[in-house]
Amino acid sequence: MRRLLPILLACLAACATPSSSGEKGGLVPLKLDEASLSSAYKPRRMALLVGIASFDDPRWKGLRYTGKDARDLGAALKDPARGGFDQVRVLTRREETTREAILGALRQLKKEANRPDDVVVVYFSAHGTLARDAKGELRRYLVTRDAAYRDIPQTALSMDALKAEFDGLASRRRMLVLATCHSGSGKSLLPKELKAELEGIKAGFYTRPLEESSRASMVFAACDWGETAREDESLRNDIYTHFLIDGLSGAADRNGDGAVTATEAHDHARRRTFAFTEGRQRPSAEILEVGADPVVLSGSITRTGRPELFSYNPRLDGFTLKVDGEARTDLPGGAAVTPGKRTVELTKGDAVLMRRDVEVGLGDRLPLERLLAEAFPRRSLSLLGGLFSFADARSRTELLPLSPEVALSLRLEDRPLQDFGLLFDVAFSTGNQALRLTPGSEVPFRYTTVSAGAALPYLWRWERLTLFAGPRVAGLYLRRSFDVEAAVNGQRFFTVSPGVVGGIVWRVGERLELMSQAQFMLTYVVVDGQGQAVGFTGGWAGAGYRF
(Lines give C-alpha, C1' and ligand atoms only; values in the text may rest on other atoms or scores of the structure.)
Protein backbone atom coordinates (compact mmCIF):
# COMPACT_ATOMS: atom_id res chain seq x y z
CA MET A 1 0.00 0.00 0.00
CA ARG A 2 2.86 2.41 0.78
CA ARG A 3 4.08 2.00 -2.80
CA LEU A 4 0.71 3.04 -4.20
CA LEU A 5 0.41 6.14 -1.96
CA PRO A 6 2.29 8.54 -4.31
CA ILE A 7 0.09 7.41 -7.20
CA LEU A 8 -3.11 7.94 -5.17
CA LEU A 9 -1.97 11.41 -4.03
CA ALA A 10 -1.24 12.36 -7.63
CA CYS A 11 -4.74 11.24 -8.63
CA LEU A 12 -6.32 13.28 -5.81
CA ALA A 13 -4.31 16.35 -6.75
CA ALA A 14 -5.46 16.04 -10.33
CA CYS A 15 -9.09 15.79 -9.26
CA ALA A 16 -8.73 18.90 -7.03
CA THR A 17 -7.21 21.07 -9.82
CA PRO A 18 -9.85 23.38 -11.42
CA SER A 19 -10.39 22.86 -15.12
CA SER A 20 -9.10 25.77 -17.21
CA SER A 21 -12.09 25.38 -19.50
CA GLY A 22 -14.50 25.90 -16.64
CA GLU A 23 -16.38 22.73 -17.61
CA LYS A 24 -17.63 20.45 -14.89
CA GLY A 25 -15.76 17.16 -14.86
CA GLY A 26 -12.92 18.44 -17.00
CA LEU A 27 -10.13 15.95 -17.58
CA VAL A 28 -6.54 16.79 -16.70
CA PRO A 29 -3.74 14.76 -18.36
CA LEU A 30 -1.87 12.71 -15.74
CA LYS A 31 1.57 11.33 -16.44
CA LEU A 32 2.52 8.25 -14.46
CA ASP A 33 6.01 6.80 -14.28
CA GLU A 34 5.63 3.38 -15.91
CA ALA A 35 8.61 1.98 -13.98
CA SER A 36 7.11 3.09 -10.65
CA LEU A 37 3.73 1.65 -11.56
CA SER A 38 5.27 -1.71 -12.51
CA SER A 39 7.30 -1.73 -9.30
CA ALA A 40 4.18 -1.08 -7.21
CA TYR A 41 2.48 -4.18 -8.59
CA LYS A 42 5.56 -6.38 -8.80
CA PRO A 43 5.34 -9.55 -6.65
CA ARG A 44 7.55 -9.31 -3.58
CA ARG A 45 10.03 -11.92 -2.40
CA MET A 46 10.17 -12.24 1.38
CA ALA A 47 11.84 -14.63 3.83
CA LEU A 48 11.66 -15.23 7.57
CA LEU A 49 14.58 -17.35 8.82
CA VAL A 50 14.90 -18.57 12.42
CA GLY A 51 17.93 -20.20 14.06
CA ILE A 52 17.64 -21.23 17.73
CA ALA A 53 20.95 -22.19 19.35
CA SER A 54 20.57 -21.69 23.12
CA PHE A 55 17.78 -22.35 25.61
CA ASP A 56 16.70 -21.17 29.04
CA ASP A 57 16.14 -24.74 30.25
CA PRO A 58 19.59 -26.38 30.59
CA ARG A 59 18.14 -29.79 29.76
CA TRP A 60 17.95 -28.72 26.11
CA LYS A 61 21.49 -29.06 24.80
CA GLY A 62 22.83 -26.14 22.79
CA LEU A 63 23.26 -26.31 19.03
CA ARG A 64 26.37 -25.04 17.25
CA TYR A 65 25.33 -23.91 13.81
CA THR A 66 21.60 -23.07 13.85
CA GLY A 67 22.21 -19.30 13.92
CA LYS A 68 24.80 -19.61 11.18
CA ASP A 69 22.36 -21.74 9.16
CA ALA A 70 19.79 -18.93 9.19
CA ARG A 71 22.35 -16.20 8.46
CA ASP A 72 23.99 -18.15 5.62
CA LEU A 73 20.66 -18.93 3.96
CA GLY A 74 19.61 -15.31 4.45
CA ALA A 75 22.78 -14.08 2.72
CA ALA A 76 22.16 -16.39 -0.23
CA LEU A 77 18.52 -15.28 -0.59
CA LYS A 78 19.41 -11.58 -0.29
CA ASP A 79 22.36 -11.78 -2.69
CA PRO A 80 21.31 -10.03 -5.96
CA ALA A 81 23.32 -12.61 -7.92
CA ARG A 82 21.40 -15.49 -6.35
CA GLY A 83 18.06 -15.06 -4.57
CA GLY A 84 17.54 -11.33 -5.00
CA PHE A 85 14.88 -11.31 -2.24
CA ASP A 86 13.34 -7.94 -1.37
CA GLN A 87 13.11 -8.61 2.36
CA VAL A 88 14.99 -11.14 4.47
CA ARG A 89 14.46 -11.18 8.23
CA VAL A 90 16.79 -13.37 10.30
CA LEU A 91 15.91 -14.17 13.93
CA THR A 92 18.77 -15.57 16.02
CA ARG A 93 19.00 -13.34 19.11
CA ARG A 94 17.63 -14.64 22.40
CA GLU A 95 14.77 -12.15 22.57
CA GLU A 96 13.79 -13.05 18.98
CA THR A 97 13.56 -16.81 19.45
CA THR A 98 10.88 -17.22 22.12
CA ARG A 99 7.59 -18.84 21.22
CA GLU A 100 5.64 -15.57 21.30
CA ALA A 101 8.33 -13.65 19.40
CA ILE A 102 8.31 -16.22 16.59
CA LEU A 103 4.51 -16.26 16.40
CA GLY A 104 4.56 -12.46 16.33
CA ALA A 105 7.07 -12.48 13.46
CA LEU A 106 4.88 -14.93 11.51
CA ARG A 107 1.81 -12.72 12.01
CA GLN A 108 3.76 -9.66 10.89
CA LEU A 109 4.85 -11.57 7.79
CA LYS A 110 1.18 -12.37 7.12
CA LYS A 111 0.40 -8.63 7.09
CA GLU A 112 3.30 -7.83 4.75
CA ALA A 113 3.04 -10.77 2.34
CA ASN A 114 -0.57 -10.09 1.44
CA ARG A 115 -0.60 -10.84 -2.28
CA PRO A 116 -1.26 -14.24 -3.87
CA ASP A 117 1.80 -13.95 -6.13
CA ASP A 118 4.28 -12.98 -3.39
CA VAL A 119 7.09 -15.51 -2.89
CA VAL A 120 7.48 -16.40 0.80
CA VAL A 121 10.11 -18.62 2.44
CA VAL A 122 9.94 -19.57 6.14
CA TYR A 123 12.89 -21.52 7.58
CA PHE A 124 13.64 -23.03 11.00
CA SER A 125 16.89 -24.53 12.24
CA ALA A 126 16.28 -25.77 15.77
CA HIS A 127 15.70 -28.69 18.09
CA GLY A 128 12.60 -30.78 17.51
CA THR A 129 10.81 -32.87 20.10
CA LEU A 130 7.66 -34.90 20.74
CA ALA A 131 5.10 -34.68 23.52
CA ARG A 132 1.58 -35.78 24.27
CA ASP A 133 -1.02 -33.04 24.35
CA ALA A 134 -3.90 -32.69 26.80
CA LYS A 135 -5.80 -35.43 24.93
CA GLY A 136 -2.86 -37.82 25.12
CA GLU A 137 -2.13 -37.61 21.39
CA LEU A 138 1.47 -37.56 20.16
CA ARG A 139 2.40 -34.21 18.58
CA ARG A 140 5.51 -32.62 17.10
CA TYR A 141 7.03 -29.44 18.53
CA LEU A 142 9.82 -26.99 17.70
CA VAL A 143 11.87 -26.16 20.77
CA THR A 144 11.92 -22.39 21.21
CA ARG A 145 14.38 -20.58 23.47
CA ASP A 146 11.88 -20.45 26.36
CA ALA A 147 10.51 -24.01 26.00
CA ALA A 148 10.35 -25.90 29.28
CA TYR A 149 11.53 -29.52 29.20
CA ARG A 150 8.79 -30.58 31.63
CA ASP A 151 5.98 -28.57 30.00
CA ILE A 152 6.50 -28.94 26.26
CA PRO A 153 2.87 -28.62 25.06
CA GLN A 154 2.38 -25.30 26.86
CA THR A 155 5.76 -23.68 26.13
CA ALA A 156 7.17 -25.04 22.83
CA LEU A 157 5.86 -24.18 19.35
CA SER A 158 3.63 -26.97 18.10
CA MET A 159 3.80 -27.98 14.46
CA ASP A 160 0.03 -27.51 14.27
CA ALA A 161 0.33 -23.88 15.39
CA LEU A 162 3.23 -23.26 13.02
CA LYS A 163 1.39 -24.71 10.03
CA ALA A 164 -1.78 -22.79 10.94
CA GLU A 165 0.14 -19.51 10.79
CA PHE A 166 1.88 -20.57 7.58
CA ASP A 167 -1.40 -21.63 5.97
CA GLY A 168 -2.82 -18.21 6.80
CA LEU A 169 -0.45 -16.50 4.36
CA ALA A 170 -2.20 -15.06 1.32
CA SER A 171 0.64 -16.17 -0.95
CA ARG A 172 0.20 -19.18 -3.22
CA ARG A 173 3.98 -19.33 -3.61
CA ARG A 174 5.15 -20.31 -0.17
CA MET A 175 7.79 -22.67 1.13
CA LEU A 176 8.39 -23.93 4.68
CA VAL A 177 11.76 -25.54 5.50
CA LEU A 178 12.29 -27.46 8.75
CA ALA A 179 15.94 -28.21 9.51
CA THR A 180 15.08 -30.23 12.59
CA CYS A 181 14.07 -33.74 13.60
CA HIS A 182 11.99 -35.57 16.20
CA SER A 183 13.76 -38.91 16.49
CA GLY A 184 15.46 -38.34 19.84
CA SER A 185 19.00 -37.91 18.48
CA GLY A 186 20.86 -35.31 16.44
CA LYS A 187 18.91 -32.03 16.41
CA SER A 188 16.26 -33.49 18.68
CA LEU A 189 15.73 -34.33 22.33
CA LEU A 190 12.92 -36.35 23.89
CA PRO A 191 11.85 -36.54 27.54
CA LYS A 192 13.17 -39.78 29.02
CA GLU A 193 9.77 -41.32 29.67
CA LEU A 194 8.60 -40.67 26.11
CA LYS A 195 11.85 -41.96 24.65
CA ALA A 196 11.47 -45.17 26.67
CA GLU A 197 7.88 -45.51 25.48
CA LEU A 198 8.82 -45.08 21.82
CA GLU A 199 11.82 -47.39 22.06
CA GLY A 200 9.47 -50.10 23.28
CA ILE A 201 7.48 -50.07 20.06
CA LYS A 202 8.05 -53.22 18.01
CA ALA A 203 10.86 -52.98 15.43
CA GLY A 204 11.92 -49.59 16.78
CA PHE A 205 9.55 -47.63 14.54
CA TYR A 206 8.01 -44.59 16.15
CA THR A 207 4.31 -44.02 15.77
CA ARG A 208 3.92 -41.04 13.47
CA PRO A 209 2.28 -38.26 15.50
CA LEU A 210 -1.07 -36.77 14.62
CA GLU A 211 -1.12 -33.35 13.01
CA GLU A 212 -3.77 -31.13 11.55
CA SER A 213 -3.85 -31.26 7.74
CA SER A 214 -2.00 -28.41 6.10
CA ARG A 215 -2.75 -26.42 2.98
CA ALA A 216 0.89 -25.38 2.75
CA SER A 217 2.16 -25.28 -0.80
CA MET A 218 5.53 -26.81 0.07
CA VAL A 219 6.94 -28.16 3.31
CA PHE A 220 10.52 -29.47 3.18
CA ALA A 221 12.14 -31.31 6.07
CA ALA A 222 15.83 -32.05 6.60
CA CYS A 223 15.05 -35.72 7.31
CA ASP A 224 12.24 -38.21 7.13
CA TRP A 225 10.11 -39.21 10.10
CA GLY A 226 12.05 -41.15 12.75
CA GLU A 227 15.45 -40.18 11.27
CA THR A 228 18.09 -37.79 12.57
CA ALA A 229 18.88 -34.30 11.25
CA ARG A 230 22.58 -33.60 11.77
CA GLU A 231 24.97 -30.70 12.06
CA ASP A 232 28.43 -31.31 10.62
CA GLU A 233 31.64 -29.77 11.90
CA SER A 234 33.41 -29.97 8.55
CA LEU A 235 30.55 -28.16 6.79
CA ARG A 236 29.89 -25.86 9.78
CA ASN A 237 26.18 -26.06 8.99
CA ASP A 238 23.18 -28.28 9.22
CA ILE A 239 23.90 -30.80 6.45
CA TYR A 240 20.65 -30.32 4.54
CA THR A 241 20.87 -26.52 4.83
CA HIS A 242 24.44 -26.55 3.51
CA PHE A 243 23.41 -28.34 0.32
CA LEU A 244 20.22 -26.27 -0.01
CA ILE A 245 22.35 -23.12 -0.08
CA ASP A 246 24.77 -24.80 -2.47
CA GLY A 247 21.92 -25.42 -4.90
CA LEU A 248 21.02 -21.71 -5.01
CA SER A 249 24.28 -20.95 -6.81
CA GLY A 250 22.77 -22.57 -9.91
CA ALA A 251 23.97 -26.13 -9.31
CA ALA A 252 20.34 -27.26 -8.75
CA ASP A 253 19.00 -25.92 -12.06
CA ARG A 254 18.30 -29.36 -13.50
CA ASN A 255 16.19 -28.23 -16.47
CA GLY A 256 18.60 -25.45 -17.52
CA ASP A 257 16.07 -22.60 -17.67
CA GLY A 258 18.27 -20.20 -15.68
CA ALA A 259 16.28 -20.37 -12.42
CA VAL A 260 16.42 -22.59 -9.35
CA THR A 261 12.96 -23.45 -8.09
CA ALA A 262 12.05 -24.73 -4.66
CA THR A 263 11.69 -28.33 -5.78
CA GLU A 264 14.96 -28.21 -7.71
CA ALA A 265 16.80 -26.85 -4.66
CA HIS A 266 15.23 -29.45 -2.37
CA ASP A 267 15.98 -32.36 -4.71
CA HIS A 268 19.59 -31.18 -5.03
CA ALA A 269 19.92 -30.99 -1.23
CA ARG A 270 18.09 -34.29 -0.74
CA ARG A 271 20.39 -36.27 -3.03
CA ARG A 272 23.57 -34.78 -1.61
CA THR A 273 22.43 -35.12 2.00
CA PHE A 274 21.58 -38.77 1.40
CA ALA A 275 25.02 -39.38 -0.12
CA PHE A 276 26.90 -37.36 2.52
CA THR A 277 25.25 -39.26 5.40
CA GLU A 278 25.57 -42.60 3.58
CA GLY A 279 21.81 -43.05 3.53
CA ARG A 280 21.19 -42.29 7.20
CA GLN A 281 19.34 -39.03 6.50
CA ARG A 282 16.66 -38.70 3.81
CA PRO A 283 15.13 -35.22 3.49
CA SER A 284 11.39 -35.33 2.85
CA ALA A 285 8.83 -33.17 1.08
CA GLU A 286 5.12 -32.46 1.45
CA ILE A 287 3.86 -30.67 -1.66
CA LEU A 288 0.14 -30.17 -2.07
CA GLU A 289 0.16 -27.62 -4.88
CA VAL A 290 2.75 -28.64 -7.43
CA GLY A 291 1.27 -26.94 -10.51
CA ALA A 292 3.89 -25.03 -12.44
CA ASP A 293 6.12 -24.69 -9.36
CA PRO A 294 6.22 -20.88 -9.30
CA VAL A 295 8.49 -20.66 -6.22
CA VAL A 296 11.71 -19.39 -7.82
CA LEU A 297 14.43 -19.14 -5.16
CA SER A 298 17.38 -18.08 -7.25
CA GLY A 299 18.05 -16.62 -10.70
CA SER A 300 15.32 -15.98 -13.25
CA ILE A 301 13.79 -17.94 -16.09
CA THR A 302 15.67 -16.79 -19.18
CA ARG A 303 14.94 -19.67 -21.55
CA THR A 304 12.62 -22.62 -21.97
CA GLY A 305 13.86 -25.50 -19.86
CA ARG A 306 14.07 -29.19 -20.63
CA PRO A 307 10.97 -31.25 -19.83
CA GLU A 308 10.66 -32.52 -16.25
CA LEU A 309 9.03 -35.60 -14.74
CA PHE A 310 8.32 -35.46 -11.01
CA SER A 311 6.23 -36.67 -8.07
CA TYR A 312 6.10 -35.74 -4.39
CA ASN A 313 3.14 -37.95 -3.60
CA PRO A 314 3.83 -40.02 -0.44
CA ARG A 315 2.11 -43.02 -2.06
CA LEU A 316 5.02 -43.22 -4.53
CA ASP A 317 7.73 -42.87 -1.88
CA GLY A 318 10.47 -45.44 -2.53
CA PHE A 319 9.67 -45.99 -6.21
CA THR A 320 12.36 -45.41 -8.84
CA LEU A 321 11.76 -43.29 -11.91
CA LYS A 322 13.32 -44.83 -15.01
CA VAL A 323 13.49 -43.11 -18.39
CA ASP A 324 14.37 -45.19 -21.48
CA GLY A 325 15.47 -48.01 -19.18
CA GLU A 326 17.86 -45.83 -17.14
CA ALA A 327 17.23 -45.11 -13.46
CA ARG A 328 16.98 -41.32 -13.09
CA THR A 329 15.88 -40.65 -9.50
CA ASP A 330 14.22 -42.18 -6.46
CA LEU A 331 10.87 -40.70 -5.51
CA PRO A 332 9.86 -38.32 -4.12
CA GLY A 333 11.73 -36.07 -6.54
CA GLY A 334 12.07 -35.19 -10.19
CA ALA A 335 14.34 -35.38 -13.21
CA ALA A 336 14.87 -33.40 -16.40
CA VAL A 337 14.85 -35.42 -19.62
CA THR A 338 15.63 -34.94 -23.29
CA PRO A 339 12.67 -33.74 -25.35
CA GLY A 340 10.98 -36.29 -27.59
CA LYS A 341 9.32 -39.66 -27.15
CA ARG A 342 10.43 -41.26 -23.88
CA THR A 343 9.64 -44.58 -22.18
CA VAL A 344 8.78 -43.85 -18.56
CA GLU A 345 8.72 -46.53 -15.84
CA LEU A 346 7.98 -46.56 -12.12
CA THR A 347 9.61 -49.53 -10.40
CA LYS A 348 10.24 -50.87 -6.92
CA GLY A 349 12.74 -53.72 -6.93
CA ASP A 350 11.68 -56.09 -9.70
CA ALA A 351 8.07 -54.90 -9.67
CA VAL A 352 6.93 -52.47 -12.37
CA LEU A 353 4.06 -50.22 -11.33
CA MET A 354 3.79 -48.41 -14.65
CA ARG A 355 5.44 -48.36 -18.07
CA ARG A 356 4.32 -45.78 -20.63
CA ASP A 357 5.57 -44.09 -23.78
CA VAL A 358 5.09 -40.33 -23.61
CA GLU A 359 5.95 -37.39 -25.84
CA VAL A 360 7.49 -34.46 -23.94
CA GLY A 361 8.61 -31.06 -25.21
CA LEU A 362 10.63 -28.11 -23.97
CA GLY A 363 9.05 -26.45 -20.94
CA ASP A 364 6.80 -29.41 -20.05
CA ARG A 365 6.41 -30.30 -16.36
CA LEU A 366 4.65 -33.65 -16.13
CA PRO A 367 3.43 -35.01 -12.76
CA LEU A 368 3.83 -38.77 -12.63
CA GLU A 369 0.40 -39.01 -10.99
CA ARG A 370 -1.09 -37.88 -14.31
CA LEU A 371 0.67 -40.71 -16.12
CA LEU A 372 -0.58 -43.16 -13.51
CA ALA A 373 -4.14 -41.89 -13.90
CA GLU A 374 -3.89 -42.34 -17.66
CA ALA A 375 -2.14 -45.70 -17.40
CA PHE A 376 -4.76 -47.27 -15.14
CA PRO A 377 -8.44 -47.09 -16.02
CA ARG A 378 -10.48 -45.05 -13.58
CA ARG A 379 -13.83 -46.73 -14.25
CA SER A 380 -14.98 -50.20 -13.32
CA LEU A 381 -18.14 -52.28 -13.65
CA SER A 382 -18.59 -55.09 -11.11
CA LEU A 383 -21.00 -58.01 -10.88
CA LEU A 384 -21.62 -58.80 -7.23
CA GLY A 385 -23.56 -61.27 -5.13
CA GLY A 386 -24.47 -61.06 -1.47
CA LEU A 387 -27.19 -60.66 1.11
CA PHE A 388 -29.91 -58.15 1.93
CA SER A 389 -31.20 -57.77 5.47
CA PHE A 390 -33.11 -55.44 7.71
CA ALA A 391 -31.02 -54.42 10.69
CA ASP A 392 -33.50 -55.11 13.50
CA ALA A 393 -35.12 -58.43 14.45
CA ARG A 394 -38.67 -57.06 14.27
CA SER A 395 -38.30 -56.01 10.64
CA ARG A 396 -36.72 -59.35 9.73
CA THR A 397 -39.70 -61.06 11.35
CA GLU A 398 -42.52 -58.86 10.04
CA LEU A 399 -41.13 -57.61 6.72
CA LEU A 400 -38.45 -59.81 5.19
CA PRO A 401 -35.89 -62.27 6.55
CA LEU A 402 -32.26 -62.32 5.42
CA SER A 403 -32.31 -62.80 1.62
CA PRO A 404 -29.77 -63.32 -1.17
CA GLU A 405 -29.42 -60.72 -3.93
CA VAL A 406 -27.32 -59.84 -6.97
CA ALA A 407 -25.97 -56.37 -7.73
CA LEU A 408 -24.27 -54.37 -10.45
CA SER A 409 -21.89 -51.60 -9.37
CA LEU A 410 -20.32 -48.80 -11.47
CA ARG A 411 -17.41 -46.91 -9.88
CA LEU A 412 -15.80 -43.74 -11.27
CA GLU A 413 -12.53 -42.75 -9.56
CA ASP A 414 -11.22 -39.20 -9.10
CA ARG A 415 -14.67 -37.82 -9.86
CA PRO A 416 -15.72 -35.12 -9.14
CA LEU A 417 -12.46 -34.39 -7.28
CA GLN A 418 -9.07 -36.03 -6.88
CA ASP A 419 -9.25 -38.95 -4.40
CA PHE A 420 -13.05 -39.02 -4.51
CA GLY A 421 -15.29 -41.30 -6.49
CA LEU A 422 -18.82 -41.68 -7.76
CA LEU A 423 -20.47 -45.01 -7.02
CA PHE A 424 -23.72 -46.19 -8.61
CA ASP A 425 -25.29 -49.57 -7.87
CA VAL A 426 -28.50 -51.47 -8.46
CA ALA A 427 -29.48 -54.70 -6.70
CA PHE A 428 -32.25 -57.25 -7.25
CA SER A 429 -33.64 -60.11 -5.23
CA THR A 430 -36.68 -62.37 -5.60
CA GLY A 431 -37.89 -65.65 -4.12
CA ASN A 432 -40.10 -67.28 -1.53
CA GLN A 433 -39.94 -66.66 2.20
CA ALA A 434 -42.11 -67.28 5.23
CA LEU A 435 -43.04 -65.11 8.17
CA ARG A 436 -42.89 -66.87 11.55
CA LEU A 437 -45.23 -64.62 13.52
CA THR A 438 -46.02 -67.19 16.25
CA PRO A 439 -44.24 -70.39 17.27
CA GLY A 440 -45.16 -73.23 14.96
CA SER A 441 -46.97 -71.09 12.39
CA GLU A 442 -45.63 -69.83 9.08
CA VAL A 443 -47.09 -67.44 6.54
CA PRO A 444 -45.51 -68.08 3.13
CA PHE A 445 -45.10 -65.19 0.69
CA ARG A 446 -43.26 -64.30 -2.47
CA TYR A 447 -41.08 -61.19 -2.48
CA THR A 448 -39.19 -58.94 -4.87
CA THR A 449 -36.70 -56.24 -3.86
CA VAL A 450 -35.03 -53.67 -6.06
CA SER A 451 -32.63 -51.07 -4.71
CA ALA A 452 -30.64 -48.36 -6.47
CA GLY A 453 -28.02 -46.20 -4.82
CA ALA A 454 -25.56 -43.38 -5.48
CA ALA A 455 -22.58 -42.56 -3.27
CA LEU A 456 -19.70 -40.10 -3.05
CA PRO A 457 -16.93 -42.03 -1.23
CA TYR A 458 -13.39 -40.93 -0.44
CA LEU A 459 -10.68 -43.20 -1.88
CA TRP A 460 -7.57 -44.43 -0.04
CA ARG A 461 -5.19 -46.06 -2.52
CA TRP A 462 -1.98 -47.97 -2.02
CA GLU A 463 -0.41 -49.76 -4.97
CA ARG A 464 -3.06 -52.39 -5.97
CA LEU A 465 -5.34 -51.82 -2.99
CA THR A 466 -8.16 -49.25 -2.79
CA LEU A 467 -10.37 -48.60 0.22
CA PHE A 468 -13.44 -46.39 -0.05
CA ALA A 469 -16.08 -45.00 2.30
CA GLY A 470 -18.60 -42.19 2.20
CA PRO A 471 -22.24 -41.07 2.21
CA ARG A 472 -24.87 -42.85 0.14
CA VAL A 473 -28.47 -42.24 -0.90
CA ALA A 474 -30.62 -45.16 -2.04
CA GLY A 475 -34.14 -46.04 -3.01
CA LEU A 476 -35.68 -49.37 -1.94
CA TYR A 477 -38.72 -51.08 -3.51
CA LEU A 478 -40.17 -54.13 -1.71
CA ARG A 479 -43.14 -56.17 -2.95
CA ARG A 480 -44.74 -59.06 -1.06
CA SER A 481 -47.54 -61.46 -2.25
CA PHE A 482 -49.03 -63.72 0.39
CA ASP A 483 -51.00 -65.87 -2.11
CA VAL A 484 -47.92 -67.30 -3.75
CA GLU A 485 -49.75 -69.10 -6.59
CA ALA A 486 -52.08 -66.28 -7.57
CA ALA A 487 -49.68 -63.52 -6.62
CA VAL A 488 -52.50 -61.51 -5.03
CA ASN A 489 -52.90 -59.81 -1.67
CA GLY A 490 -49.72 -57.95 -2.45
CA GLN A 491 -48.04 -55.20 -0.43
CA ARG A 492 -45.69 -52.63 -1.88
CA PHE A 493 -43.20 -50.44 -0.05
CA PHE A 494 -41.00 -47.73 -1.55
CA THR A 495 -38.68 -45.39 0.29
CA VAL A 496 -35.63 -43.18 -0.35
CA SER A 497 -33.16 -43.05 2.50
CA PRO A 498 -29.68 -41.84 3.50
CA GLY A 499 -26.81 -43.97 4.74
CA VAL A 500 -23.15 -44.85 4.35
CA VAL A 501 -21.14 -47.18 2.16
CA GLY A 502 -17.69 -48.73 2.46
CA GLY A 503 -15.65 -51.27 0.58
CA ILE A 504 -12.36 -52.61 -0.64
CA VAL A 505 -10.97 -53.20 -4.14
CA TRP A 506 -7.99 -55.40 -5.00
CA ARG A 507 -6.62 -55.03 -8.53
CA VAL A 508 -5.44 -58.49 -9.62
CA GLY A 509 -4.57 -57.56 -13.20
CA GLU A 510 -4.47 -54.66 -15.59
CA ARG A 511 -8.24 -54.88 -16.10
CA LEU A 512 -9.55 -57.37 -13.54
CA GLU A 513 -10.34 -56.53 -9.92
CA LEU A 514 -12.00 -58.11 -6.93
CA MET A 515 -14.44 -55.97 -4.98
CA SER A 516 -16.52 -56.14 -1.83
CA GLN A 517 -19.01 -53.52 -0.70
CA ALA A 518 -21.27 -53.02 2.30
CA GLN A 519 -23.82 -50.34 3.10
CA PHE A 520 -26.13 -49.37 5.92
CA MET A 521 -29.23 -47.25 5.34
CA LEU A 522 -31.93 -45.73 7.55
CA THR A 523 -35.52 -45.60 6.31
CA TYR A 524 -39.17 -45.35 7.36
CA VAL A 525 -41.89 -47.81 6.33
CA VAL A 526 -45.57 -48.37 7.17
CA VAL A 527 -46.52 -51.96 8.08
CA ASP A 528 -50.15 -52.82 8.75
CA GLY A 529 -50.97 -49.16 9.19
CA GLN A 530 -48.13 -48.47 11.63
CA GLY A 531 -45.03 -46.50 10.72
CA GLN A 532 -41.63 -47.57 11.94
CA ALA A 533 -38.06 -46.41 11.43
CA VAL A 534 -35.83 -49.26 10.31
CA GLY A 535 -32.35 -49.80 9.01
CA PHE A 536 -31.43 -52.08 6.15
CA THR A 537 -28.04 -53.28 5.06
CA GLY A 538 -26.38 -55.25 2.33
CA GLY A 539 -23.05 -56.92 1.80
CA TRP A 540 -21.76 -57.89 -1.64
CA ALA A 541 -18.61 -59.34 -3.18
CA GLY A 542 -17.61 -60.16 -6.72
CA ALA A 543 -15.40 -59.33 -9.69
CA GLY A 544 -15.10 -56.19 -11.77
CA TYR A 545 -13.70 -55.04 -15.09
CA ARG A 546 -11.79 -51.76 -15.37
CA PHE A 547 -12.29 -49.76 -18.54
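## Sheets, a buried helix and cavities

Threonine 129 stands opposite tyrosine 141 in β5. This is a predicted model, in which local features need pLDDT of at least 70 and side-chain atom pairs count only at pLDDT 80 or more, while totals for chains, interfaces and linings use all residues. Residues are numbered from 1 along each chain as its sequence is written, and side-chain values use heavy atoms, with hydrogens and water left out.

Strand β5 (residues 138-142) is joined to β4 by five bridges, and the two run antiparallel. Helices (H or I, at least four residues) and strands (E, at least two) are DSSP runs numbered from the N terminus, and two strands pair if DSSP finds at least two bridges between them. The open sheet has three strands in the order β4-β5-β6, with antiparallel pairing; β4 (128-132) and β6 (157-158) are its edge strands, each pairing on one side only.

Helix α6 (residues 159-167) is mostly covered, with seven of its nine residues buried, where buried means under 20% relative accessible area, exposed over 50% and partly exposed in between (1.4 Å probe, protein chains only). Glutamate 165 lies in α6 and is buried because its relative accessible area is 17%. Leaving aside residues up to four places away in sequence, glutamate 165 touches Leu103, Leu106 and Arg107, contact meaning heavy atoms within 4.5 Å.

A four-stranded open sheet has the order β16-β15-β18-β19 with antiparallel pairing. Its edges are β16 (326-330) and β19 (351-360); each has a single partner strand, so one side of each is left without a neighbour in the sheet. Strand β18 (residues 340-348) pairs with β19 over nine bridges in the antiparallel sense, and lysine 341 has glutamate 359 in β19 as its bridge partner.

A search of the whole structure finds four cavities of 30 Å³ or more. On a 1 Å grid over the protein atoms alone, a cavity is a set of points where a 1.4 Å probe fits but cannot get out, and lining residues have an atom within 4 Å of a point; grid points are joined across faces, edges and corners, and a volume is the space filled by probe spheres set on the points.

| Cavity | Volume | Top contributor to lining |
|---|---|---|
| Largest | about 350 Å³ | α10, three residues |

Among the 20 residues lining the largest cavity, Arg315, Leu372, Arg378, Arg461 and Glu463 lie nearest its centre.

Notes
On a 1 Å grid over the protein atoms alone, a cavity is a set of points where a 1.4 Å probe fits but cannot get out, and a pocket is an open set with protein on both sides within 12 Å along at least five of seven lines; lining residues have an atom within 4 Å of a point.
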